Amino acid sequence: MKRFLVASLICLVAMSAGAAPKDIVLGLTIPVTGPQAAGGLEALSGTQIAVDEINKAGGVKLSDGFHKVKIIYEDDRGDTTLCDTTVRRLVANGAIAILGPYFSGQTLALDATMRELKVPLVNSATSIKIPKLENPWIWRCRCDDGINVLILGKAVMNDYKAKNGSLAGLKVGILCANDETGTSAANSYKDYFDKNNVKYYADTHNKDETDLTAYVQKAIAAGCNAWVSSTHDIAAPTLAKAMYQLGLRNQIVYMNPILAQTQVLNLMQPEWVEGWGCASDYAASDTRPLSAAFTKAFNAKFKGNPIPDVQAALYYSHATVILNAIKDADSLDSPKIRDAIAKTKGLQTLVGKAYASKYTNLIYEISVAKIRNLVPTISGSVSMADDFGF
Amino acid sequence: MGAVNNMNLMQFIATGVAMGFIYALISTEYTLIYNATGLVNFAHESFIVLGAYLFGGTFARSLGLPPWLAVICTVIAMGAFGVLVSTIVLNPLRNLQFITYAMFGTMMLSRIIIESSRLVWGPLPFTVQGFLRDSIKIGSTFLFKAHLYIIAASIIIVVALQIFFRTTKMGKAMICVSQNKDAAALMGINVTRSINLTVALSAMLCGVIGIFCTPLFNISTGMAASAALKGFCAGVVGGFGSYPGAIVGGILIGLLEQFGTMLFPTAYKDVVAFGVMVIFLLVRPSGIVKVKKA
Amino acid sequence: MAVILKLDRVTKQFGGLTAVNDLSLEVRQGSIHALIGPNGSGKTTTTNLIQGVFPVTGGRVLFRDQDITGKPTFEIARQGMARTFQNIKLYNTMTAIENVMVGGHQLAPMGLVSSLLQIRRSRSEERMLEEKANRMLEYVGLASIGGELVKNLPYGKKKVLEVARALMTDPALLLLDEPAAGLNPSERGFFIDLLRRINADGKTLFLIEHNMDVVMNISDMLTVINFGRKIAEGTATEIQNNPDVIKAYLGERYKVKR
Amino acid sequence: MNKKNALYLAGWILWLVALVLAFRTANSYVQSVFCMLLYNIILVLGLNFITGLTGQMNLGTIGMLALGAYTYGILTVTAGWSPWTALFAMVAVGYAIGKVLGYPSLRLKGFYLSLTTIGFGEIVRLLAMNLESLTGGTMGFSKIKRLEFFAYKPENRSDYFYIMLIFTVLAIIVANRIVYSKWGRAYKAIRDNAEAAEASGIDISKLKIQAFTLAAIYAAFGGALYAGYNRYLNPSGFTLEYSQNYIAMLMIGGIGTVPGCILGAIIVTALPELLRSFANYYWILFCTVCIVMAILLPEGLWPLIHRLFARLGKSLRGLRGKVS
């Protein structure tokens, strides 16, 4: 049994060695099976678009000629222990850079692994704890919860002031899921509102909750008149439905980018979320040139199955950052690619201009959209890059 | 908790009872299979998911049938599926030496069904627009239409089951089989056919649950995960093996959940349901409605 | 001869049904005492009451002058009472010798932690159990099938194996629930000799049987019960001619031809 | 040490040497699979006492592992204990879990008991998720200290393999001594026929609780090694699905036997990795293999292999008999 196991894996490695000049192999560790399979599929499709574009132009042009780009992916089922195994398998199969994993918890779990494997990793995990790892190999091509909160918190206060003349009587209901993205956003919101001495009420819910009536009723009873939330694709429609049914109409509500995802909006009735706002790295309805081009390319390749959404756009940007770093480093050597990523300055990606900070963060801006008849209309992107000295 | 008194208590009760009936319907379903095959069906969660996907994915979306026709097609399809699963998997599992094997077999069956649903209909969650999406309002309390259908369906089904088992020949045969397969076989009852029928019946029941949960939970592979586990809790609390007991247990769990969120942070809701079950298992394993065991 | 087992006005009710009704009897030390009665007269219920499987509704059970009413079954077993069952209760997944060794579990006092740490002592304990088990198998004539899996054994051998397991703990009293049931005549003969041999070695036997000819020729004292009530007690010859007993067994219309 | 034991010992040493050699020659991916295999073996050996021998369905294994892992993490990081003292505290954790889950097992059978254990597992996971101050909640618990063996300081994950191997071998030896002794027989007696066991003087309640405590101590030890190996814990990793995987290992390997548990652990840990080349379908393939094995091989693979060895041995002896 033992020898069979080792022999078959070694021949797998040999098989995928690839022809000269050496292909660029990007490794994706995503949830193909399990509850988060939807996100995994979007991530894979987004990366494929980026790779197709580069290969159509002949591949990445380095001093020793054009290198075709290839994707290999492994299913980590969204599990914090399995992602270590899948990342090692990808690197063993020749991946020079890793895209994913999907969750912040998994990224925290890979801290020691990435230092050991010495391969750069780019994903869209937004938790504020990841930069605190001070791990030179872990990067994030998406603005983190801290920035999200600054932008959305300011938007809530502006909307409330516009509606009521002053901030007096404002009490914000912070309704976040109790998973890693939710708790990280909730903590950031609490700090932000404390700093701006705004009263708030906070409560958590399970991320795949199917009934939140009592939850919302408790929040209403606590006297909240504006809302912020960070939750998941199953709980978002449940929350919107409960708020609508309990009589909340044209409220000030700002959500995390989950609300901009077409497949999540399809689960809702238009009247539930009319006028709600959300931060969103991308929206299929965004008419700005880069987004429109991506949406066209995506629909041309996948023809609506799946539909383009935030995760696809994010992984498209991750691929852009890595491929650009390979070009700058003019080498396929992972540490050199990492150094090139660390020197990224002003690279325009689909989700914003990328500036590498000391650890992890690359993007400091996000678009804010308003939902009109289930369509997220982007009113413009708010950049905090200057606050971070870029 | 100053905030508690000005909350709409009626709303808590309404949602609690409504959710309770979902758990009651689920526990009725696996009581059916348990009584018939003596096998605990850990795969009933996947039956519900399959029912929802068949209804939402195949009949409503790709074939574009009107909702009510889609409901009938789903129920029939689930019945056929029940017979298929019963002959291929459940019957061989039934006469295994240790009950632990049979339970393990149904767990693997559950994963296979859920995985194949993901492969056939794709991982993205979706729903059927315009099917029982709206709600009705009584005073300041609202109830989803889907909930009303579930309440009606569970009452009809439990009553129908009682009549079916007490009056029809086939129904009585199924009770004989559930109590003693060998004796039933000696009496000339085709045991396998009877068990296939029972599994088909419970698969149809799961189809109904899946259909009516679509507007509430939206269709995704994990839609029935927590509801299925709470269905188990309802069965135990209500009195295992008795259909009226399942209803009582379901409503109790539904209400306790809602009022639990009043006292604890909402994320502890599931802890309340499991906690109640464990207490009942220890203090009164036979549940509220004492089951007259043969 | 001292009394080893005493039932003092023992009653057992299941809901409305009185399975055992105010039963008193005494079993002499070293004797073969039989409890007989038609089917469903409460014989097996009585054994279960003696062994504490069900709680007694009324009355007391005394074993070697100690009140064992309401004590858990394993405690009663440890005081020197062993038993065989009406429908054979052996451990199917284990071999014959393992079945007998498990019977002697109470002979090996070592706790779990000590048996893990003191390897030599636990090895010797294991050897003691194995030797004793082999002796028991030889005693009942099953030495050849020690390694066989129980589920492959024929019915007769299983019955005898149950006796071997019961003997493992050198019990003072051996309860035998319908030992002759299902045996063909030759097996029954062998079984009766075995019982005589066991009794000769000083063990008291308490037989529960409804088969008359097995009981008649080997038991010293007989108690007959019907519908849970004692209707007769005495030696074999007295019982044979007792009109109540005959009526209970053969029904009203049977006339005894003198 | 008669011939039979010598053969067994040789078998074990051969297996151990093969394992270490395969580990050393493997790349870091396969090495991580080996490490996962080690703590899975410990967990299954523990589960074997309850479900394998005493025949009681336990779907709370992952809850026991989680409790062990979090206790080890909290003791080493928050309380600042040395890893070794924390490791021995696992015996107390196991003892406590054994009592908590042991008592319900006295009154409940089969399906009811599996429900209590599912409830236990879910409650542990939900508490781990929501008690943020203690367990770090969904952000997870990081920087857990590893066991150090005098000078040997395991830096990378794969270095921890050797320390885990020592504990796995220890677990196998202890399991072997329990399963193939009067204790193993007593547990099996309870499984096969509880009334007969009780009538021959076996205190069923004490032994059932003992089986649960043994399994809980094994699971807590496994949890401590799991925490040390990953150095990070997240509640999302402790769902009911993993408890089902441990039952799968027991069933496929061979219920009630030590080599069966190890074989089952190897298969259920390695099979999904081997089937990865089927990308989208690997999970369905894995589950189908499990269900087919459950139906066709009720006693699992090991009894089959054991019988093959025995027949092979007999035919060899027969051959030698003719020759000499």
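## A salt bridge between two helices of chain A

In this predicted model, Glu116(A) and Arg88(A) form a salt bridge, and their closest N and O atoms are 2.9 Å apart. Glu116(A) belongs to helix α5 (residues 111-117) of chain A, while Arg88(A) belongs to helix α3 (residues 82-92) of chain A, so the pair ties together parts that are 28 residues apart in sequence. Side chains of opposite charge can pair when their charged atoms come close.

The two partners can also be described by their accessibility. Glu116(A) has a relative accessible area of 22% and is partly exposed, because buried means under 20%. Arg88(A), at 2% relative accessibility, counts as buried.

## A salt bridge between a helix and a strand

A further salt bridge in chain A joins Lys218(A) to Asp203(A), with the closest N and O atoms 3.6 Å apart. Lys218(A) is found in helix α9 (residues 213-221) of chain A and Asp203(A) in strand β9 (residues 199-205) of chain A; the pair therefore ties together parts that are 15 residues apart in sequence. Both Lys218(A) and Asp203(A) are buried.

## Salt bridges in the whole structure

Over all chains, a search of the whole structure finds 33 salt bridges. One of them lies in chain D, where Asp192(D) forms a salt bridge with Arg191(D) and the closest N and O atoms are 3.3 Å apart. Arg191(D) has a relative accessibility of 15% and so counts as buried.

Salt bridges can also be linked to one another. A network of salt bridges links Glu74(A) and Arg89(A) with Glu273(D) and Arg276(D). This network includes residues of chain A and of chain D.

## Contacts between chains

Five pairs of chains touch, and among these the most contacts are between chains B and D. Chain A and chain C, in contrast, do not touch. The nearest C-alpha atoms of chain A and chain C are 28 Å apart.

## A positive patch on chain D

On the surface, Lys3(D), Arg311(D), Lys314(D) and Arg317(D) gather in a patch of positive charge. Helix α14 (residues 301-323) of chain D gives the most to this positive patch, with three residues.

Lys314(D) is one of the residues of the patch, and Lys314(D) lies in helix α14 of chain D. With a relative accessibility of 56%, Lys314(D) counts as exposed, because exposed means over 50% relative accessible area. Arg191(D), also in chain D, counts as buried at 15% relative accessibility.

Terms used
Residues numbered from 1 in each chain as written. Chains lettered and ligands numbered in written order. Predicted model: local features only at pLDDT ≥ 70, side-chain atom pairs only at ≥ 80, totals over all residues. Heavy atoms only, no water. Salt bridge = Lys/Arg side-chain N within 4 Å of Asp/Glu carboxyl O. Helix = DSSP H or I, 4+ residues; strand = E, 2+ residues; numbered from the N terminus. Buried < 20%, exposed > 50% of the residue type's maximum accessible area, 1.4 Å probe, protein only. Contact = heavy atoms within 4.5 Å. Patch = residues over 30% accessible without salt bridge, like charges linked within 9 Å, V, L, I, M, F, W, Y side chains within 5 Å. Areas by Shrake-Rupley, 256 points an atom, 1.4 Å probe, with all protein chains shown as cover. Lys, Arg positive; Asp, Glu negative; His and termini not counted. Charge placed at Lys NZ, Arg CZ, Asp CG, Glu CD.
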